[in-house]
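Subject: Handing over the model

Hi,

Here is the structure I promised to send you. Have a look at it first, and then read on for what turned up in it.

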Amino acid sequence: MASAGPPPPERNLSLPGPSRPKPKKTRRSLSYEIKYKIIQELEKGTRQVDLARQHGVNESTIRTIKKDAAKIKEHMNITKSTGASMIKYFHNQVLLKTEKLLVSYLVSQARRNMAVDTRSVKEYARELYAAVSRKMGITEPKPFNASSGWLQRFKKRNKITNINIGGEEASTDLVAAREFPPFLREIMEEGQYTDDQVFNMDKSGLFWKKLPSKTFVVKNASKCRGRKLQKERITVLFTTNASGTCKLKLSVIHTACKPHAYKSMDMTKLNVHWLTARKAWMFSTLSLSWFDDCFVPDVKKFCEQQNVPFNILLLLDNAPGHSPLLLDRHPNVKVVFLPPNTTSILQPMDQELICNVKAAFSTKKFKLLNDYTNTRKELRNLSDTITDSKSEDDEDQQLAEQQVLFKQFWRIFNIKKAVDFLVEAWDQLSVATVRHAWRHVLQGIPAVRQSKSVTGEVQTVAVAVDLAREAAQSVTAAGFSETTNDDILEVIRDPDVTTDDMVDDDDVSEEAGGASSQEERRLSHSNVRGAIECIEKVKLLLSDDPDANRYEIFTTQLLQTMEPYIKVYHNINTSRQQSITEFFARNPPQPAQASDSDRGRDSDDDFEGFVREALTSVDDCDGDSPEGQ
């Protein structure tokens with residue numbers, strides 16, 4: 001009987017069907033922050049293969065990052081300038097620039113105490129997106145609808161938690177405006193304040209070189225080298241009492257501590273109080289300086305001269321630039337904040353006073369321009385020859401002549417001249433006009449609390465605007481004769497910034513700043529560390545709050561706000577960290593002189609302590625050498 005052969009091989013009898021899927025290779029994604037660090041390592045000479053192995057990616061990925069180094073650096077500069085958290089993927093550069101400008105717009109609205117609603121933010125974002133696309137020369141940008149989801153993500157990315165973006169359209173709170181005068185009446189009766197002792201301060205921006213939009217200077221702004229002149233802005237603080245008997249010295253906020261026009265003058269002896277801020281805005285710390293150094297001394301001097309008790313009531317709007325510490329800053333000054341969204345009705349300085357001063361200032365500016373140009377035959381004939389048919393070369397030559405003449409005028413009309421005109425306009429404001437502006441907020445105040453009635457004509461904005469328009473029309477340069485009242489109002493008001501203005505301002509700031517401004521402004525290690533220590537002290541001071549939930553919410557939001565600077569602090573420490581070899585090269589270890597109590601300590605512990613000291617020595621160093629971020 002034949003022996004049985006080897007058994008046949010087993011067949012795969014599995015049922016037909018889809019084969020088992022192969023494990024999917026996980027995709028390794030790198031954030032912009034990591035890519036930026038890789039670029040820094042490449043610039044130091046680190047090999048691409050070592051970086052690929054370190055981050056777990058192919059070497060081709062490192063080569064791509066090296067190729068896109070310029071774009072990655074530009075992205076990092078934009079995100080750092082807005083304080084936004086790092087974004088992994090943001091390929092739409094138009095939207096990235098749009099969001100940067102939108103953050104600036106919202107911050108400016110908050111500083112002006114202007115509430116914005118969700119609908120208006122979305123609409124402004126869409127207009128801004130279109131303006132950025134035009135500026136970048138993109139005819140067909142990616143669709144952008146400014147959806148509600150995008151708005152929420154935008155607020156989260158940029159940590160917008162303290163800017164009022166309401167769900168409904170922002171409007172004046174009429175109910176609060178009706179309830180405040182009786183509340184103020186009770187305060188005045190309780191404190192025995194007269195209208196000589198009740199003051200109001202309001203601030204307003206002034207583009208002191210701005211001209212009507214129809215003039216040739218504005219129309220040809222893109223061709224003029226001095227197109228930034230129209231954007232030169234100061235903030236002016238106007239303060240007066242309810243009786244109109246005390247108009248305090250104006251306070252001017254400028255970006256320079258001592259402009260060239262004041263080079264030979266003592267800044268403490270000007271006809272205004274001179275304050276400085278990086279962008280000429282009022283902020284909380286500056287409001288305290290104004291209160292201590294400007295308001296209190298001036299009011300105290302007025303009370304002594306008029307034999308009025310130094311017991312003052314100061315009304316302020318609730319703008320973010322006004323510090324809450326003003327409430328109990330001085331024992332003789334009681335500060336009361338107006339209700340939100342009521343300044344257009346209640347705040348006296350908003351009731352035509354500031355507009356009157358700005359219109360009078362514009363009148364003086366146009367008269368000076370007219371006096372100057374009338375002495376220049378070339379410019380006086382421009383209005384007669386501008387309509388003649390000219391070649392392109394003739395128009396360019398004419399524009400060049402106009403630029404030269406106006407450049408000579410701007411040398412005369414500097415910031416000192418502008419401030420002098422502003423002071424003259426402020427001094428010309430009549431007592432009757434001031435009293436008229438307080439009528440809404442002081443309604444119902446007993447007659448015994450008010451000063452005697454004042455006779456005289458109230459200066460209206462309409463008349464002041466007419467005078468400014470007539471002064472502008474008298475200028476013999478092209479376009480000034482077409483000036484209307486609306487053009488004057490556009491010049492003197494502090495309007496909402498248009499999307500095109502936002503884009504142009506951003507380009508101008510980049511041209512004016514560039515690399516040099518980045519080098520001038522740097523954060524030092526000690527400054528950032530000091531700020532973080534201040535935050536820790538704030539948390540400690542409020543740690544005894546009986547409302548634990550309130551304290552938890554506050555500290556969480558505080559840490560979220562500080563997160564960009566905490567990252568900066570970590571980056572500085574990383575860049576400042578010394579290697580052990582470098583430390584030993586500069587600080588060779590010396591034999592330790594051990595005490596009797598330490599002789600039994602293990603030598604390994606001594607070395608461990610020495611290494612720990614080496615690693616922390618840089619972090620503990622508070623040198624002044626700045627590290628740019």
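Let's start at Asn307, which sits in the loop between helix 10 (284-306) and strand 7; helices (H or I, at least four residues) and strands (E, at least two) are DSSP runs numbered from the N terminus. Asn307 is exposed, with a relative accessible area of 72%. For accessibility, buried means under 20% relative accessible area, exposed over 50%, and partly exposed in between, with a 1.4 Å probe and protein chains only. The phi of Asn307 is near 55°, a positive value in a residue other than glycine. Most residues other than glycine have a negative phi. Gln192 also has a phi near 55°, and its place is in the loop between helix 8 (174-191) and strand 3 (198-207).

Before going further, a word on how to read this. The model is predicted, so local features need pLDDT of at least 70 and side-chain atom pairs count only at pLDDT 80 or more, while totals for chains, interfaces and linings use all residues. Residues are numbered from 1 along each chain as its sequence is written, and side-chain values use heavy atoms, with hydrogens and water left out.

Now the overall picture. The chain has 24 helices and eight strands, and buried residues make up 40% of its 629 residues. Of the contacts (heavy atoms within 4.5 Å) with a separation of 6 or more, 74% are between residues 24 or more positions apart.

On to the interior. A nonpolar core here is a set of buried Ala, Val, Leu, Ile, Met, Phe, Trp, Tyr and Cys residues joined through side-chain atoms within 4.5 Å. The largest one has 65 residues, and Trp274 and Leu313 touch the most other members. Helix 12 (residues 353-373) gives the most to this core, with 10 residues. A second, separate core of 27 residues includes Leu275, Cys294, Val308 and Ile312.

Ser323 lies between strand 7 (312-316) and strand 8 (333-337). Is Ser323 buried or exposed? Ser323 is buried, with a relative accessible area of 5%. A polar atom of the Ser323 side chain lies 3.1 Å from the backbone nitrogen of Leu325. Beyond its neighbours within four places in sequence, Ser323 is in contact with Ser284, Ser287, Leu288 and Phe337.

Finally, a helix pair. Helix 1 (residues 32-44) and helix 3 (residues 59-67) pack at about 85°, with their axes 10 Å apart; axes are lines fitted to C-alpha atoms, for helices over the stretch in contact, and angles run from 0 to 180 degrees between N-to-C directions. The two helices are therefore roughly perpendicular to each other, a label for angles of 65 to 115 degrees (under 35 is roughly parallel, over 145 roughly antiparallel, and the rest oblique). Lys35, Ile38, Ile39 and Leu42 of helix 1 make the contact with Ile62, Ile65 and Lys66 of helix 3.

Best wishes

Methods:
Polar contact = N/O pair within 3.5 Å; in protein donor to acceptor, adjacent residues only side chain to side chain.
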